[in-house]
Structures are given as C-alpha cells and as structure tokens.
Amino acid sequence: MELKLMMEKLGAPQTHLGLKSMIKEVDEDFDGKLSFREFLLIFHKAAAGELQEDSGLMALAKLSEIDVALEGVKGAKDFFEAKVQALNCASKFEAELKAEQDERKQAEEKRRLRQAAFRELKATFST
C-alpha cells in the first residue's frame, strides 16, 4: 500500500499487478515486501541498466533521481530533504485522520456502553 501511495504521489500510478511485479523484481528475501535495502536496489539496478525501460521501477528511479554532477551535493541534499519533508507532511495528515477516526470510535463505544447500561437499568425496573 505504501508503494502504491508513493507511486501515485510521484505521478506514476500503478495497478495492483504492476506493483506486485515491481516488488518481485527486487524482492531478494521473497517476503513480498520491500525492505530499505531492496528499495535502494531499485536505484542500483537502474544505474546498471538492469531494469526494463517500461517497468514501474524504472519510472520510480527516473522520478526520484537527481544528477549530483549537475546539481552538486547541496542541490542533491535539498532535493532529498524536500522529498522527506513532503512525505512527513503527508504522514502528519494521515496521523491526524487516524486520530480523528480513533476519537470517533471511542465516542461510539462510550455511547454503546451507556445504552447498554440504560437498558440494564430499565430491565431492572420493568420486572
């Protein structure tokens, strides 16, 4: 799911099958997930010319690359810091949504407990 969201945010959305094939291309431990090492392997394979030109991984590598020789180390640093900051903003927004959903669930649970207690008291007085 994280890979899907990242590809969408980078402007190269992928189908479910496309994402599975992307993961399969670099999944060294065959767990169906991308570790950080496997993620970095995408860029290593792209630099070595081992990725197919039309693959989702090549699109990811192209969308996330920067030419350090052209931009310099400071430019590369700024590029990656901007990417991290953008991801952190998205994470904060998701965290706020999750907190709001948790609050609603807790309020619903309290309401349900109050109703159950009321029904119990009502049953006591009805008999």
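1. A salt bridge is taken here as a side-chain nitrogen of Lys or Arg within 4 Å of a carboxyl oxygen of Asp or Glu. The pairing of Arg-112 with Glu-109 meets this definition, because the closest N and O atoms are 3.0 Å apart. The model is a predicted one, and by this rule the count comes to 4 salt bridges.

2. On the setting of that pair: Arg-112 and Glu-109 both belong to helix α5, where they lie 3 residues apart, about one turn of the helix. Arg-112 is partly exposed, with a relative accessible area of 44%. Glu-109 likewise counts as partly exposed, at 35% relative accessibility.

3. Another salt bridge joins the side chains of Glu-100 and Arg-104, with an N to O distance of 2.4 Å. Glu-100 and Arg-104 are 4 residues apart in helix α5, so about one helical turn separates them. Glu-100 has a relative accessibility of 40% and counts as partly exposed.

4. Lys-98 and Asp-102 also meet through their side chains in a salt bridge, at 3.7 Å from N to O. Both residues lie in helix α5, which spans residues 68-126, and the spacing is 4 residues, about one turn of the helix. Asp-102 is partly exposed, its relative accessible area being 31%.

5. As to the overall fold, the protein chain has 5 helices and 0 strands. Read from the N terminus, the order of elements is α-α-α-α-α. Of the 127 residues in the protein chain, 20% are buried. The accessible surface comes to about 10000 Å², and carbon and sulfur atoms account for 59% of this area. Where contacts in the protein chain link residues at least 6 apart in sequence, 29% of them join residues at least 24 apart.

6. How many residues make up the largest nonpolar core? The core has 15 residues, and those with the most contacts inside it are Leu-3, Met-7, Met-22, Ile-42 and Leu-57. At least two residues of this core come from each of α1 (2-9), α2 (16-26), α3 (36-48) and α4 (56-63).

7. Which residues does Leu-3 contact, leaving aside its neighbours within four places in sequence? The partners of Leu-3 are Leu-19, Met-22, Ile-23 and Leu-34. Met-22 is itself among the core residues with the most contacts inside the core.

8. Is Leu-57 buried or exposed? Leu-57, which is placed in helix α4, has 0% relative accessibility and counts as buried, because the limit for that class is under 20%. Not counting residues up to four places away in sequence, Leu-57 touches Met-22, Glu-25, Val-26, Ile-42 and Leu-51. The C-alpha atoms of Leu-57 and Val-26 are separated by 9.2 Å, although the two residues are 31 residues apart along the chain.

9. Pro-13 is found in the loop between α1 and α2. Pro-13 and Leu-3 are 10 residues apart along the chain, and their C-alpha atoms are separated by 9.7 Å.

Notes
Residues are numbered from 1 along each chain as its sequence is written. This is a predicted model: local features need pLDDT of at least 70, side-chain atom pairs count only at pLDDT 80 or more; totals for chains, interfaces and linings use all residues. Side-chain values use heavy atoms; hydrogens and water are left out. A nonpolar core is a set of buried Ala, Val, Leu, Ile, Met, Phe, Trp, Tyr and Cys residues joined through side-chain atoms within 4.5 Å. Buried means under 20% relative accessible area, exposed over 50%, partly exposed in between (1.4 Å probe, protein chains only). Contact means heavy atoms within 4.5 Å. Accessible areas come from the Shrake-Rupley method with a 1.4 Å probe; for residues, only the protein chains shown count as cover.
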